[in-house]
Amino acid sequence: MKPDAGEALVDEEPVYRNVGRKERITFIPDEPYFFSSATPVTMAQYYASIYPAFEMAQFYEWLDKFGLEKTRRIATFSKGMKKQLIMLLSICTHTKYLICDETFDGLDPVMRQTVKSLFANDIEERNLTPVIASHNLRELEDICDHVGLLHKGGMLLSKDLDDMKLNIHKIQCVLPAGVGSSDLQGIDIIKTEQRGSLLTLTVRGKREEIQTILQAYHPVFFEMIPLSLEEIFISETEVAGYDIKKL
């Protein structure tokens with residue numbers, strides 16, 4: 001059956017004009033905006049008027065647990081308190097997608113873990129999909145399963161986090177006399193550092209294949225160390241010409 005003219009028009013509408021689609025998305029900005037004389041209660045009422053699934057009872061329960069006064073003017077809140085409030089408001093919308101910009105900025109370590117737990121709970125219980133933009137890559141390792149790296153306005157890479165970690169490794173080794181990193185054939189070396197006889201390599205490839213190749217050179221010592229997401233980011237961006245040494 002072909003859609004009628006009205007249905008076709010809705011499909012072609014941009015998302016910012018489609019109320020039904022916007023009801024499935026909540027945006028959490030780095031610097032949240034609140035009305036000048038707003039309190040947590042009035043902001044909750046505003047959110048409830050936009051998002052039909054907003055859970056008011058849950059919001060009030062979390063306000064008490066987080067120690068935020070529901071009738072206090074938000075303008076008197078600290079930066080951390082404002083970030084906590086926008087997080088609670090956004091999670092209580094019960095939307096399918098949360099678009100988050102520097103979500104954990106301004107939160108203390110305990111509150112960061114609490115917010116991550118709220119995310120993890122909603123991901124499991126109602127299949128929430130958070131899309132998080134952050135410069136703190138360590139934060140993303142705990143909650144994200146897919147990572148994209150943006151560089152100079154473009155997407156440098158977009159990969160499953162587990163696959164990314166399985167295919168890039170750090171190796172510390174001591175090679176026999178007369179053998180250097182340039183002599184290692186069959187290994188995709190991204191980065192090389194040497195301190196004395198200790199050679200540190202960042203390499204791309206399968207773990208077992210790399211081990212087999214290295215063992216053929218009879219190293220005095222070698223071990224493979226897992227990389228953090230931050231180290232992977234640095235390695236990939238250096239390949240793309242974004243080298244901190246040049247800066």
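**Charges, rings and a helix**

Reader: Which ring does the charged end of Lys 96 sit over?
Author: The charged end of Lys 96 sits over the ring of Tyr 97, 5.8 Å from its centre. The rule asks for NZ of Lys or CZ of Arg within 6 Å of the ring centre and within 35 degrees of the ring normal. Lys 70 also lies over a ring face, that of Tyr 60, at 5.3 Å from the ring centre.

Reader: Ground rules before we go on?
Author: This is a predicted model, in which local features need pLDDT of at least 70 and side-chain atom pairs count only at pLDDT 80 or more, while totals for chains, interfaces and linings use all residues. Residues are numbered from 1 along each chain as its sequence is written, and side-chain values use heavy atoms, with hydrogens and water left out.

Reader: OK, salt bridges. How many does the structure hold?
Author: Five. A salt bridge here is a side-chain nitrogen of Lys or Arg within 4 Å of a carboxyl oxygen of Asp or Glu. One of them joins the side chains of Glu 61 and Lys 65, at 3.0 Å from N to O.

Reader: Where do Glu 61 and Lys 65 lie?
Author: Both are in helix 4 (residues 56–66), four residues apart, about one turn of the helix. Helices (H or I, at least four residues) and strands (E, at least two) are DSSP runs, numbered from the N terminus. An α-helix has 3.6 residues a turn, so residues three or four places apart point the same way.

Reader: What is the relative accessibility of Glu 61?
Author: It is 41%, so Glu 61 counts as partly exposed, whereas Lys 65 is exposed at 59%. The classes are buried under 20% relative accessible area, exposed over 50% and partly exposed in between, with a 1.4 Å probe and protein chains only.

Reader: What about Glu 69, which residue does it form a salt bridge with?
Author: Arg 72, with the closest N and O atoms 4.0 Å apart. Glu 69 is partly exposed at 48%, and Arg 72 is partly exposed at 29%.

Reader: Which side chain does Asp 188 meet in a salt bridge?
Author: Arg 204, at 3.4 Å from N to O. This pair links distant parts of the chain: Asp 188 belongs to strand 7 (residues 188–195) and Arg 204 to strand 8 (residues 198–204), 16 residues apart. Asp 188 is partly exposed at 38%, as is Arg 204 at 28%.

Reader: Switching to aromatics. How many pairs?
Author: Seven aromatic pairs. Rings of Phe, Tyr and Trp (its six-membered ring) pair if their centres lie within 6.5 Å; planes under 30 degrees apart count as stacked, over 60 as edge-to-face and the rest as tilted. Phe 35 and Tyr 46 make an edge-to-face pair, 5.0 Å centre to centre with 80° between the planes. That pair links distant parts of the chain, 11 residues apart, with Phe 35 in the loop between strand 1 (25–28) and helix 3 (40–50) and Tyr 46 in helix 3.

Reader: Which residues do ring pairs link into a cluster?
Author: Tyr 33, Phe 35, Tyr 46, Tyr 47, Tyr 51, Phe 54, Phe 59 and Tyr 60.

Reader: Now helix 6. Which residues are buried there?
Author: Met 111, Arg 112, Val 115, Lys 116, Leu 118, Phe 119 and Asp 122. Seen down the axis of helix 6, the buried residues fall within an arc of 155°, so they line one face; the arc uses the directions from the helix axis to the C-beta atoms. On the other side, Pro 109, Val 110, Glu 124 and Glu 125 are exposed.

Reader: And what follows helix 6?
Author: Asn 127, whose phi is positive, near 60°. Most residues other than glycine have a negative phi.

Reader: What is the phi of His 94?
Author: About 55°, positive although His 94 is not a glycine. His 94 sits in the loop between helix 5 (79–91) and strand 2 (97–101), and is partly exposed at 31%.

Reader: Last one, His 218: buried or exposed?
Author: Exposed, at 63% relative accessibility. His 218 has a positive phi of about 50° and lies in the loop between helix 9 (207–215) and strand 9 (221–225).
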